[in-house]
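I opened the model to look up the chain totals, the interface and a few backbone details. My notes are below.

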Amino acid sequence: MTDEQAAVAGATETRRLEQRLMRERAARREAETIAEAVTRRLFDQQRRLELMQAVATAANYMDDPADAYRFSIERICEHTGCSVGHVWVMADDQPDSGLVSAGIWYPASSSATPFHSGSTMPHLIPEMSLPHRVLVQGRAIWSEDLTREADCPRARAALSSGLRAGFAFPVLVGDEVAAVLEFFQSRVAPADEALLETLDRMASILGRVVERHRGIVRLQQNYELAAQRDAAEQASQAKSAFLAVTSHEVRTPLNAVLGLAEALGRESLTPSQKELNDGILEAGGMLLRLLNAVLDMSKIEAGEAVPLLDDFDLATTLRSIVSIWKPRALDLGIELRLEVAGIGPGRVRSDQGRIEQCLINLISNAIKFTPPNAEVILRASSTEAGARFEVIDGGVGVPEIDRDRIFRPFEQTQAGRKAGGAGLGLSICVGNTRMLGGDIGTDRDELGRSRFWFTCDLLPCEEGGGAATEEVAVSEVPRGLRVLAAEDNLANRRVLQVLLAPAEVVLTLVEDGAQAVEALRGARFDLILMDVNMPVMGGVEAVGLIRADGLANGAPIYMLTANAFVDDVERYLAAGADGVVTKPINVAELFRILAPAPSAPAAKAN
Amino acid sequence: MKGVVFNLLEEAVDRAFGPDTWDGLIDASGVSGAYTSLGNYPDEEMEALVAAASEALALDRNQVLRWFGQNAIPVLAELYPGFFTGAVDARNFVEGINHIIHAEVRKLYPGAACPHFRLHADSSGDLVMDYLSTRNMCALAQGFVEGAGAWYRQSVDFRHVQCTQDGHSHCTFAMNWSAPEARTAAA
């Protein structure tokens, strides 16, 4: 190889090495550029993660969304270099109620720019504004240059405050936008897609604060509602207790009135005196049943009511109701007529008090709404299961749209309010008829007259339909029976004395259970009558003691009570009583107990 | 295509034929020749380099790619020894291609378009591999498999059951390996 050839070869070699070097340097520069971009990207990612973590942490422990928003706009402004952050919320926290400024700004101190003051006016949020677009689209949106939105007054206000670019994102509860957070900076900036993605994830994280807050508010409301309900229940219980006490207090003298009237009836009276006395007994009995029904209504309301089934003569009941109401109707110039179809004399079994209560409610309503010189008709007819009662009045009737409503408690028509009343009567009737297997409603009869009707089941009479079994003549009662009666009420003690006098019993009267127990320790008796409610020791307790100590010596114990509810009777029998004598005391019932076996014991004693 | 593949090709060519040959391939193919493992380069540059090699060595494209695969494995083993030490033999290495090697590649080079291999053992115990890639570089895959066999000192029976180049929707390889010989020293 010549020198020249060697020089050429060397130059070629040098050129190759130079080219390799150039390639190496190009590759290195490229690698560095890539590595720097990756590092920057990682750094940005890291910062976005830190931002996200900070907001998520705050969202976890902050209960008030406003605190979480305030914290978030501060951190996002720091992260992005935005000079203004602001929060919009839905008016009243209701979806679709429109955005209003939450008054939350970053920085919190400055609030005097035209942009700030303009943002509190809702009319400055036109459809094309950034927050409104976020509200509609439910995702983060970037506005690169506000000058492009200069037709929007709010953008003009932003520009005049030195703001050029902005972005906003929603706070999402599911798909619902609960708030919009917006940010502005003084430089035009292209959309940062990675940031928008981060903000979109933040949307539901902040949404959970809203959700939690709503949950807390709901809990508080529920708590308040529960407190109100408890108060209402307490008031209702107080009302029921008041009713129970009052009606008991009324019933005690009423029992005395009835007992004395019954005794009076056994005296020799003139026909007109007897009629007056019968009127006292009739009206008093009705009053007593009404009292019991009132007590029972509180049980209906408490869901504890049971029908009080007894045997009675339906036709007689209807006639006595009409005879009592006829004079009152006549006073108002109204004729009250009774039409009975298919209901003959004889006894049926149902709850007489409840049926009477329904009839009286409907009749008194009918009289209220009937003009003078018109008539009210009470129609009763037998049905397959029992009876159907109709009260036809001369009033205008109930408009069709009100026909369901008036049967609910405290619901009245305009006319009903004018006529007075609490609006309870019909709802009591609803409770009664349902309990008796029937129904109730209002419509018009075949002549277009206003009509209220109800039905109820009637059961076959347990005593075989006859009334004779009750009659036990005083002569059948053996003379000289020793009777111990415990009764705290003086009037009732007098009633017992009067009623038992014809039977010539040896009556020992005591005033409470303790005295009764004492009397039994010292003497033997053939029958023990025990009032339930007495001071010192009540009847039930006394019966328990008598049974426990075997003090009765074979004498039957009968409870004297007006509380003839089924569960009460069961309680007395469980305590050891042999039966119940309901007040007002029916003489025949009393004599039946006094009469020796084989006389049938009182039905209620079974 | 990832820059690391170009780096592997350059290194394999350097080792087998010297740097001048690589220079020659770059001149002949008209590519820039500056490749960093972090970069991403057009597939066409690889095809141009393979075409130039094919010209220079009087081999067809598949033969060049297969040679490249075989000779890239020792270089790869030096750059990423972890890929190899984790697998007990060549078959184990090939079986880990999707979830170990390509998973690592994606960590280093986010967005890398790695081919996907569907793998299953057939009734005779052969490992059957479906190769799905838009690049049509099944010969390179074969070369890699053979190179890995050599690295583990195992002979491999590689059958190209079907090929996209014959109009099939994808390539299918069937492979089995001899028992590994005791390896005395790292390659």
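I am working with a predicted model, in which local features need pLDDT of at least 70 and side-chain atom pairs count only at pLDDT 80 or more, while totals for chains, interfaces and linings use all residues. Residues are numbered from 1 along each chain as its sequence is written, chains are lettered from A and ligands numbered from 1 in the order in which they are written, and side-chain values use heavy atoms, with hydrogens and water left out.

**Chain A overall.** I found 16 helices and 17 strands in chain A; these are DSSP runs numbered from the N terminus, helices being H or I of at least four residues and strands E of at least two. Of its 606 residues, 43% are buried (under 20% relative accessible area, with exposed over 50% and partly exposed in between; 1.4 Å probe, protein chains only). I then looked at contacts (heavy atoms within 4.5 Å). Among those in chain A with a separation of 6 or more, 67% join residues 24 or more positions apart.

**Interface of A and B.** I counted 10 residues of chain A in contact with 14 residues of chain B. On the chain A side, A:R16, A:R20 and A:R23 lose the most area to chain B, together 48% of what that side buries. Buried area is the accessible area (1.4 Å probe) that two parts lose on being put together, summed over both; here the two chains bury about 990 Å², 48% of it on carbon and sulfur atoms. There are four salt bridges between the chains (a side-chain nitrogen of Lys or Arg within 4 Å of a carboxyl oxygen of Asp or Glu). One of them pairs A:R20 with B:D20, with the closest N and O atoms 2.5 Å apart.

**B:Q142.** I located B:Q142 in helix 8 (residues 138-151) of chain B. It is buried, at 11% relative accessible area. Leaving aside neighbours within four places in sequence, B:Q142 is in contact with B:R66, B:F158 and B:H160.

**Backbone checks.** The peptide bond from A:Y106 to A:P107 is cis, with omega near -5°. A:P107 sits in the loop between strand 2 (99-106) and helix 3 (114-119) of chain A.

I also noted positive phi values in residues other than glycine: A:V536 has phi near 65°, and B:A58 has phi near 55°. A:V536 is in the loop between strand 15 (527-531) and helix 14 (539-549) of chain A and is exposed, at 70% relative accessible area. B:A58 is in the loop between helix 3 (43-57) and helix 4 (61-79) of chain B and counts as exposed at 67%.
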